[in-house]
Each structure stands twice: as C-alpha cells, then as structure tokens.
Amino acid sequence: MKYVDEFRDIGLVRNLSVKIRKITTGEWNLMEICGGQTHSIMRYGLEEFLPDKIRLVHGPGCPVCVTPLEIIDKAIRIAGRPDVIFTSFGDMLRVPGSERDLMSVKAGGGDVRILYSPLDALRIAEENPDRNVVFFAIGFETTAPANAMAVKEARRRGLKNFSILGSHVLVPPAMEAILSSGENRIQGFLAAGHVCTVMGYEEYIPIAEKYRVPIVVTGFEPVDILKGIYQLVVQLEEGRCGVENAYGRVVTRQGNPAARQLLSEVFEVADMKWRGIGTIPRSGFRLAAEYTGFDAEKIFDVGDIIQQESPLCIAGQVLQGLKKPADCTAFGRECRPEHPLGAPMVSSEGVCAAYYRFKVPN
Amino acid sequence: MHMCLAVPGKVISIDESNPDLRMARVDFSGVVKEVCVQWLPEVTEGEYILAHVGMALNVVDEKDALETLELLKEMGELDAELGKDAW
C-alpha cells in the first residue's frame, strides 16, 4: 500500500535505530499517547531497536478503554429495547459492562449492528422510519468530527429517529493530567498523529512550555515511530522542549479547519469521566445546546444502574502508564481477549490486548 | 476494527451532487469504498487521502513523504561513509 509500505522499510528502521543509539546518553521515559502506536510498537518489536536507556510508557489513547462504565451500561440498556436499532464500531461490542456486554445483547436477539462509518447509521434510520436508530459515538478528536458530521447531516435531512450515545474525549487535557500527577515520570511525548491531522499541534505548545517536555507528533508505521523517538531524544539530550511534527505528510500546524469548525458547531467542551482514571476537567465533548435533540441519554430513560467493575482489573493504573499489563495478577489468566475483565484487553488499541497478542509471557 | 486507524487511499472519482456531503470513490489497494471528502475542498482525482471511519481527514502530501524517505536513506549512507573513514 502506497505511503504505508515505504514507512515499514527495515533499512530505514535500522538507520534510525543506529542514530538513536549513537545520541542517547541519558535515561529517558517516553510516552506514546495513542493505543494504535502501542500496537505498532508491540507488533514490530520496536523496543528491540532502542537502547535500554529509553523506556516506552504506554498512554491512555484508547477510546474504547476510557469510555466510562456507566455509558457502556446505558448502551446495553438502550440496545436491549425492542424499538431500537443500536449501531456501533465493532470494538465496543466486547467491552465489559457491569453485568454483560453488547455482544450478549445481540446474541439475545437485540438489533445491534456494526458499522464502518457513523454516516451509515443515517441510511439505516431512513430505511427504518418506525425504529429508533442510536449510534454509539465514542472517540478522540480523530473520530469526533465524523460523529459530528452524522449529527449535522441528520438534522439537515430532518431525521427524527436518529440519536447518538456519545462519549468523546480529548488528548491534551489527559496529557496535562498525567504531567501534573505527583507520580509522573514521563519526560517526552509522542503525540497521536491522526488526532493532530484533525486538530493540528498548536495546542501542545503551551503544554510543552509549562511542563518542560518535548512533544513530537508522529504516525503509526515503524519508521514514523522511530523518527518521532529520534526527534524526542535529540531534544532531550540538548535540553530542549519544543513541539515538532514528524508526520508532515498528513499533519499540518492548523490541522483540518473544516473538521475543527464542525466540531465547534456541534459540540461543546465539558468535564469528562475516563474509565479507570476518573473525571478530568474540560477533557471531552458533549452535544451543543442546539443539538441536544440528538442525545440518546435524553431520549431514553434507562433507569438506575448499579455499576460494578471487576475487583481484579488494574486498567486505570495501566492506562496512566503507572503499571504494565504483566503487573496484573489476572493478565492472561482470568482476563484474556476472549474473556476480558477490563476494556484494555478488548480493543485493537488496548494495551493489554497488545501485550497478550504480541508478547505473551511464558 | 481499529478506531484510530486511518489509511491512505487513491481518489478515483468525486461526486459533487450534494454540496453538503461531497463523496468520493477511493481505492485502498484494490478495495474501493465511498468516503466523504466534505472537509477537503481542494482534493482532486488521483490524489491520495487519509481516510478514517468514512471521512477523508487530509490529502497526503507526496512531496513531504518523498523528502522524509530520502532524508532517512541519506542518514544511513552518511553513517556508512563516516564509518569507513573512521576505520
């Protein structure tokens, strides 16, 4: 695939590896924010190309993992209603709720459908005027504009039977929460390339300055990730803390202005709960006042829900980079991809799933 | 599916019939999908776009991609030369 295969070239990976080894003198803890990058690091064994002095800490950038338990439980209640067609990205179906998951709702006869794009939900709503079509709109800044587009387009088409159950989270406030924690040991960040394709990278400049950490935007292929690490180490060794873009083929300083404009029209910034982590101020989106008619939480009364997390799961500490999956007593035992106790074992971006798949300890 | 996964594909054709929802047929290594290009007013047929959950997020900058690859290749060649001199 063009613009993918070239960035998996082992020769270029080796060149970068040699360079990184040559310049590294200090011990550096670097965090990749995005779970997609965590998976690439595990899949290609990229830690093997780094000196021991560089440690990669995995960040909370897995939208499936941080969607609050109460929203999962609400999704399960709404999806079980006979008047509802519940639509979702595939990853969400196996995320454990307090008692069960969306897959079991589907198995029990609920109309739960997996979509490629939120826009597909509009077609389903048009084809089923007597049913309520709900889209499970989760995601970071990469996905939020697509979800916003579905809402705006539903309003333009006058669809009365479409709504979203939303849980949108934002990267910069999560980085600040990690950096301002007393336990923080992160000295540099790889920023999530596709989040920045939408948002640009200006909002990271004040964070880099305030906390004196370099931040490098990069992509998902092995060459992209090592190039990002190289630029971070150059900065750290020189005592600099700038924001740099190592993913220039799709990221610009301003991001995508039209997508950002849509976000500010359909959503407003709000405090948001992150599963396993807690509430982070101004770290998410909720529907703006003129779009609340599309809010499934306001349309469907789901009653009281008693939330129950697995007592074994340490997902919160794993998502904050404080513990590794193997530190969990349930990892690979009670908790496996086919029977997850916590969301990070479910998703294609979840750090526990990455460790299980690519690095299972004997 | 990977939620944050965004993949490059080549624009085959653009349908401008709905000005609020411009759609394109995009070829992802032989798999053709409909992708919304509403946020890329300048995109033209033959260009590569980065697609995520049915939306095109940006046009891939070919010049930047080629320059980056060239720079990283040179990095290795330079090292090899310097290595030879040192010995």
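**Chatting through a predicted two-chain model**

Q: Hi! Let's begin with chain B: how many helices and strands does chain B have?
A: Chain B has 1 helix and 5 strands. This is a predicted model, by the way, and everything below is computed from it.

Q: Good to know. In what pattern do they follow along the sequence of chain B?
A: The pattern reads β-β-β-β-β-α.

Q: What share of the residues in chain B is buried?
A: Of the 87 residues in chain B, 43% are buried. As for the surface, chain B exposes about 4,800 Å², and carbon and sulfur atoms supply 54% of that area.

Q: Switching to how the chains meet: how many residues of chain A and chain B are in contact?
A: On the chain A side there are 50 residues, in contact with 37 residues of chain B. About 3,900 Å² is buried between the two chains, with carbon and sulfur atoms giving 69% of it.

Q: Which residues of chain A lose the most area to chain B?
A: Those are Met1(A), Tyr3(A) and Tyr116(A), which together make up 18% of what the chain A side buries.

Q: Nice. Now chain A itself: what is the strand order in its open sheet of 6 strands?
A: The order is β4-β3-β5-β6-β11-β10 in chain A, and the pairing is mixed.

Q: Why is one side of β4 and β10 left without a neighbour in the sheet?
A: Strands β4 (112-114) and β10 (267-274) of chain A stand at the edges and have a single partner strand each, so one side of each has no neighbour in the sheet. On average, neighbouring strands of this sheet are turned by 25° against each other, ignoring direction.

Q: I'm curious about β5(A). Which strands pair with β5(A), and in what sense?
A: Strand β3 (residues 84-88) of chain A pairs with β5(A) in the parallel sense over 4 bridges, and Thr87(A) has Phe135(A) as its bridge partner.

Q: Is β5(A) mostly covered or uncovered?
A: Mostly covered: 7 of the 8 residues in β5(A), which spans 132-139, are buried.

Q: Moving along the sheet, in what sense do β6(A) and β11(A) pair?
A: They pair in the antiparallel sense, over 2 bridges. Val169(A) has Gly284(A) in β11(A) as its bridge partner.

Q: Which strands does helix α6 of chain A touch?
A: Helix α6 (residues 119-127) packs on the sheet and touches β3, β4, β5 and β6 of chain A. Its direction makes about 170° with that of β5(A).

Q: And where does α7(A) lie?
A: Helix α7(A) lies across β5, β6, β10 and β11 of chain A, at about 155° to β6(A). With β5(A) and β6(A), helix α7 (residues 144-157) makes a right-handed β-α-β unit.

Q: Last one: where is Gly35(A), and is Gly35(A) buried or exposed?
A: Gly35(A) belongs to helix α2 (residues 35-43) of chain A. It counts as buried because its relative accessible area is 2%, against a cut-off of under 20%.

Q: What does Gly35(A) touch, leaving out residues up to four places away in sequence?
A: Gly35(A) touches Gly61(A) and Glu349(A). The C-alpha atoms of Gly35(A) and Ala174(A) are separated by 14 Å, with the two residues 139 apart along the chain.

Technical notes. Residues numbered from 1 in each chain as written. Chains lettered and ligands numbered in written order. Predicted model: local features only at pLDDT ≥ 70, side-chain atom pairs only at ≥ 80, totals over all residues. Heavy atoms only, no water. Buried < 20%, exposed > 50% of the residue type's maximum accessible area, 1.4 Å probe, protein only. Pairing = 2+ DSSP bridges. Right-handed = clockwise from strand over helix to strand, strands pointing away. Areas by Shrake-Rupley, 256 points an atom, 1.4 Å probe, with all protein chains shown as cover. Contact = heavy atoms within 4.5 Å. Axes fitted to C-alpha atoms, helices over the stretch in contact; angles between N-to-C directions. Buried area = accessible area lost by both parts, 1.4 Å probe.
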